[in-house]
Amino acid sequence: MISCWVLKKPNWYSPILPTTLRSRVTYQGSDGKSIATVEGLDSGGTLSAVQQAFIDSGAFQCGFCTPGFVLMTKQLLDEHPDPTDDQIGHYLSGNLCRCGTYPEIIAAVKLAARKRRNT
Ligand code: FES
């Protein structure tokens, strides 16, 4: 996956990522803020629970929207390990999937939540 989305904590996300950073990035700045791309979510080659849940749920077709949905799902589950449907809708509302895989994306979020709670 090529990411054009980053999580910038504690200030949520930015859809803009300079070309030079379009790679596996997890960055911790001296100001205490961190940046992560979807490529930086795995651990030593093992996909994160969120990444694996998107694959297991078939939650993408072309994959154009996937980095944004994966990163916002990570943020959602970091803040709400057992999210309500309203919380899922709120966190993912800034993303659009032109392929229409919303039911699978919601299933992936719920699967990832279960996986993270059970580990
Ligand atoms: S999978 Fe194609 S835009 Fe979402």
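Q: Which helix is aspartate 85 found in?
A: Aspartate 85 sits in helix H3, residues 85–92. Helices here are DSSP runs of H or I with at least four residues, strands are runs of E with at least two, and both are numbered from the N terminus. This is a predicted model, where local features need pLDDT of at least 70, side-chain atom pairs count only at pLDDT 80 or more, and totals for chains, interfaces and linings use all residues. Residues are numbered from 1 along each chain as its sequence is written.

Q: Is aspartate 85 buried or exposed?
A: Aspartate 85 counts as exposed, because it has 10 C-beta neighbours inside 10 Å. The cut-offs: buried needs 20 or more other C-beta atoms within 10 Å of the residue's own, exposed means 12 or fewer, and partly exposed is in between, with C-beta atoms placed from the backbone.

Q: How far is aspartate 85 from isoleucine 106?
A: Their C-alpha atoms are separated by 8.8 Å. Along the chain the two are 21 residues apart.

Q: Which residues of H3 are buried?
A: Ile88, Tyr91 and Leu92. Seen down the axis of H3, they fall within an arc of 90 degrees, so they line one face of the helix. The arc is taken from the directions from the helix axis to the C-beta atoms. On the other side of H3, Asp86 and Gly89 are exposed.

Q: What do the buried residues of H3 pack against?
A: H2 and H4. Contact here means that two residues have C-beta atoms, placed from the backbone, within 7 Å.

Q: OK, H2 and H4. At what angle do they pack?
A: About 40 degrees, with the axes 11 Å apart. H2 is residues 66–79 and H4 is residues 102–117. Axes are lines fitted to C-alpha atoms, for helices over the stretch in contact, and angles run from 0 to 180 degrees between N-to-C directions.

Q: What is that orientation called?
A: H2 and H4 are therefore oblique to each other. Under 35 degrees is roughly parallel, over 145 roughly antiparallel, 65 to 115 roughly perpendicular, and the rest oblique.

Q: Which residues make the contact?
A: H2 gives Phe69, Thr73 and Leu77. H4 gives Ile105, Val109, Ala112, Ala113 and Arg116. By class, the H2 and H4 contact has six nonpolar, one polar and one charged. Ala, Val, Leu, Ile, Met, Phe, Trp, Tyr, Cys and Pro count as nonpolar, Asp, Glu, Lys and Arg as charged, and the others, Gly among them, as polar.

Q: Where does H1 run, and at what angle does it pack with H4?
A: H1 is residues 49–56, and it packs with H4 at about 135 degrees, axes 8 Å apart. That makes H1 oblique to H4. The crossing of H1 and H4 is right-handed.

Q: Which residues make that contact?
A: Ala49, Val50, Ala53, Phe54 and Asp56 of H1, with Ala108, Leu111, Ala112, Lys115 and Arg116 of H4. The classes for H1 with H4 are seven nonpolar, no polar and three charged.

Q: Which residues of H1 are buried?
A: Ala49, Val50, Gln51, Ala53 and Phe54. Their cover includes H2 and H4. Just after H1, glycine 58 takes a positive phi of about 60 degrees.

Q: Zooming out, what pattern does the protein follow?
A: β-β-β-β-α-α-α-α along the sequence. Buried residues make up 31% of the 119 residues.

How values were computed: Left-handed = near helix turned anticlockwise from the far one by under 90°.
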